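Q: I would like to learn how to read the features of a model such as this one. Please show the structure, and we can go through it step by step.

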Amino acid sequence: NHDSLDDLHKIHCPTLVAAGDHDYFASVDVTKAMVERIPGAVLYMCHGGGHVHHWEKPDDFNEFTLNFLLAHRTGEA
């Protein structure tokens, strides 16, 4: 019953929203609503993936996430 959609507009940093299109806990509609409310958010939708899509299709998830992180890095650690 947790709902924080009305607060997501407060996020002002690069944000990657990752989900599976067969997730029974967070529907595609909820995921898209999150992306729409976070300014500049990027969506990674794992086709055929569920709630643990990052384990189900790790190569796809890792490649997308790495590219997102590299595109938004601000300096060397």
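Q: Does C13 count as buried, partly exposed or exposed, and why?
A: This is a predicted model. The general idea is to compare relative accessible area with two cut-offs: under 20% is buried, over 50% is exposed, and the range in between is partly exposed. C13 is partly exposed because its relative accessibility is 43%.

Q: Why is C46 classed as buried?
A: C46 has a relative accessible area of 2%, so it counts as buried.

Q: How many disulfides does a search of the whole structure find?
A: A disulfide is a covalent bond between the sulfur atoms of two cysteines. Here the search returns zero disulfides.

Q: What is the order of the elements from the N terminus on?
A: The order is β-α-β-α-α, and the secondary structure amounts to three helices and two strands. The C-alpha trace spans about 40 × 30 × 15 Å along its principal axes. Of the 77 residues, 26% count as buried. Among contacts between residues at least 6 apart in sequence, 66% join residues at least 24 apart.

Q: Which residues of helix α1 are buried, and what do they pack against?
A: Helix α1 covers residues 28–37, and T31, A33 and V35 are buried in it.

Q: What is the geometry of the pair formed by Y44 and F64?
A: That pair is tilted, at 5.0 Å centre to centre and 45° between the planes. It also links distant parts of the chain: Y44 belongs to strand β2 and F64 to helix α3, 20 residues apart.

Q: Why do Y44 and F64 fall into separate accessibility classes?
A: Y44 counts as buried because its relative accessibility is 7%. F64 has a relative accessible area of 30%, so it is partly exposed.

Q: Where does D23 lie, and what is the nearest side chain of opposite charge?
A: D23 lies in the loop between β1 and α1. D23 is buried and has no salt bridge; the nearest side chain of opposite charge is K57, 14 Å away. A polar atom of the D23 side chain lies 3.1 Å from the backbone nitrogen of A26. Setting aside neighbours within four places in sequence, D23 is in contact with G49, G50 and H51.

Q: Where is G48, and which residues does it touch?
A: G48 is in the loop between β2 and α2 (53–56). Not counting residues up to four places away in sequence, G48 touches D21, H22 and K57. The C-alpha atoms of G48 and D21 are separated by 6.0 Å, while the two residues are 27 residues apart along the chain. With 47% relative accessibility, G48 counts as partly exposed.

Note on methods
Residues are numbered from 1 along each chain as its sequence is written. This is a predicted model: local features need pLDDT of at least 70, side-chain atom pairs count only at pLDDT 80 or more; totals for chains, interfaces and linings use all residues. Side-chain values use heavy atoms; hydrogens and water are left out. Buried means under 20% relative accessible area, exposed over 50%, partly exposed in between (1.4 Å probe, protein chains only). Helices (H or I, at least four residues) and strands (E, at least two) are DSSP runs, numbered from the N terminus. A disulfide is a pair of cysteine sulfur atoms within 2.5 Å. Lys and Arg count as positive and Asp and Glu as negative; His and the chain ends are not counted. A salt bridge is a side-chain nitrogen of Lys or Arg within 4 Å of a carboxyl oxygen of Asp or Glu. A polar contact is a pair of N or O atoms within 3.5 Å; within protein, one must be able to donate a hydrogen and the other to accept it, and residues adjacent in sequence count only if both atoms are side-chain atoms. Contact means heavy atoms within 4.5 Å. Rings of Phe, Tyr and Trp (its six-membered ring) pair if their centres lie within 6.5 Å; planes under 30 degrees apart count as stacked, over 60 as edge-to-face and the rest as tilted.
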